[in-house]
Amino acid sequence: MVGAMKKAGLLSMLFVVVPLVVAVVAEAQQPKKVPRVGLLAGGRGFGSAGDAFRHSLRELGWVEGQNMAIESRMAEVSSDRLPQLAAELARLKVAAIVADGDPAIRAAKQTTGTIPIVVIAVGDPVREGFVASLARPGGNITGLTSISEELSGKRLELLKEAFPKVSRAAVILNPANASNLLEFREMEVTARILGLKLQSLEVRRQDDFQDAFARAAQRPS
């Protein structure tokens, strides 16, 4: 259920992100030159969200391989490659970079101060230093915030309400993702109020998930 809700939320965010990208591409388009949009993310790709992104572009008249091109750069199993991938997109002079996830956003921001960066979702772009303020972000970054930091404590409250006897909760997080760390701090405050013990399970690469789940299943000593 949680996974389906997150997937639906991501797709909804993409439907809002697409018009932002289209506006940038339309402004950057020059006669006889096909504009390119860069996609930058960790993992192996945007998956169904990427399909929705392309579908929405087509509905607005932008067709990959005809009047625009999409350059995808995915970090695969290691986010350490993101700065290199962001630099590749900058060298290609893409019209805009669509960045998914804090590490990708940070890599894009550190790479270019001129190419527009459209973020799919970020927990708190102000506290993480991506924009000056929500009202006046400034710079070259725009997009959406998921306000996940403010909602993190509420998720614990719902967990406790659904399972009153629960005393321990495991949280999977990527320490390289600033949003994850901010969310965990907020969860710690709520956990103390609810009498819950939180266990942080760090996952930096795809191969780390199996060990994280194994540690979560272990009974506390």
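Biologist: How many bridges join β1 to β3, and do these strands run parallel or antiparallel?

Modeller: Five bridges join β1 to β3, and the two strands run parallel. One example is L40, which stands opposite A99 in β3. Please keep in mind that this is a predicted model.

Biologist: What makes β3 and β4 count as a pair?

Modeller: Two strands pair if there are at least two bridges between them. Strand β3 (residues 96-100) and strand β4 (residues 117-122) are joined by three bridges, so the pair passes that test. These strands run parallel. You can look for I97, which stands opposite I117 in β4, and for V98, whose bridge partner in β4 is V118.

Biologist: What holds paired strands together in general?

Modeller: Strands of a sheet pair through backbone hydrogen bonds, either parallel or antiparallel.

Biologist: What is the order of the strands in the open sheet?

Modeller: The order of its five strands is β2-β1-β3-β4-β5, with parallel pairing.

Biologist: Why are β2 and β5 called edge strands?

Modeller: Each of them, β2 (69-74) and β5 (141-145), pairs on one side only.

Biologist: Which residues of α4 are buried, and what do they pack against?

Modeller: The buried ones include D102, P103, A104 and I105, along with A107 and A108. The buried residues of α4 pack against β1, α3, β3, β4, β5 and α6 (178-194).

Biologist: How do you know that β3 is mostly covered?

Modeller: Four of the five residues of β3 are buried. A residue is called buried when its relative accessible area is under 20%. Across the protein, 39% of the 221 residues count as buried.

Biologist: Let's turn to charged side chains. What makes the contact between K154 and E157 a salt bridge?

Modeller: The cut-off is a Lys or Arg side-chain nitrogen within 4 Å of a carboxyl oxygen of Asp or Glu. In K154 and E157 the closest N and O atoms are 3.4 Å apart, so this contact is a salt bridge. Both residues lie in helix α5 (residues 148-162), three residues apart, about one turn of the helix.

Biologist: Why are K154 and E157 called partly exposed?

Modeller: Partly exposed covers the range between buried, under 20%, and exposed, over 50%. K154 has a relative accessible area of 46%, and E157 is at 36%, so both are partly exposed.

Biologist: What about R215 and D211: how far apart are their closest N and O atoms?

Modeller: They are 3.0 Å apart, and R215 forms a salt bridge with D211. In helix α7 (residues 209-217) these residues are four apart, about one helical turn. R215 is partly exposed at 27%, and D211 is partly exposed at 44%.

Biologist: Are E71 and R73, which also meet in a salt bridge, buried or exposed?

Modeller: Both E71 and R73 are buried. Their side chains meet at 3.4 Å, N to O. E71 and R73 are also linked with R36 and E88 in a network of salt bridges. Searching the whole structure gives six salt bridges.

Biologist: Which residues lie nearest the centre of the second largest pocket?

Modeller: They are S79, D80, L82, P103 and A176, from a lining of 13 residues. The space in this pocket is about 200 Å³. Helix α4 gives the largest share of the lining, four residues.

Biologist: How many helices and strands does the protein have?

Modeller: There are seven helices and seven strands. Along the sequence they follow the pattern α-β-α-β-α-β-α-β-β-α-β-α-β-α.

Technical notes: Residues are numbered from 1 along each chain as its sequence is written. This is a predicted model: local features need pLDDT of at least 70, side-chain atom pairs count only at pLDDT 80 or more; totals for chains, interfaces and linings use all residues. Side-chain values use heavy atoms; hydrogens and water are left out. Buried means under 20% relative accessible area, exposed over 50%, partly exposed in between (1.4 Å probe, protein chains only). On a 1 Å grid over the protein atoms alone, a cavity is a set of points where a 1.4 Å probe fits but cannot get out, and a pocket is an open set with protein on both sides within 12 Å along at least five of seven lines; lining residues have an atom within 4 Å of a point. Grid points are joined across faces, edges and corners, and a volume is the space filled by probe spheres set on the points. Contact means heavy atoms within 4.5 Å.
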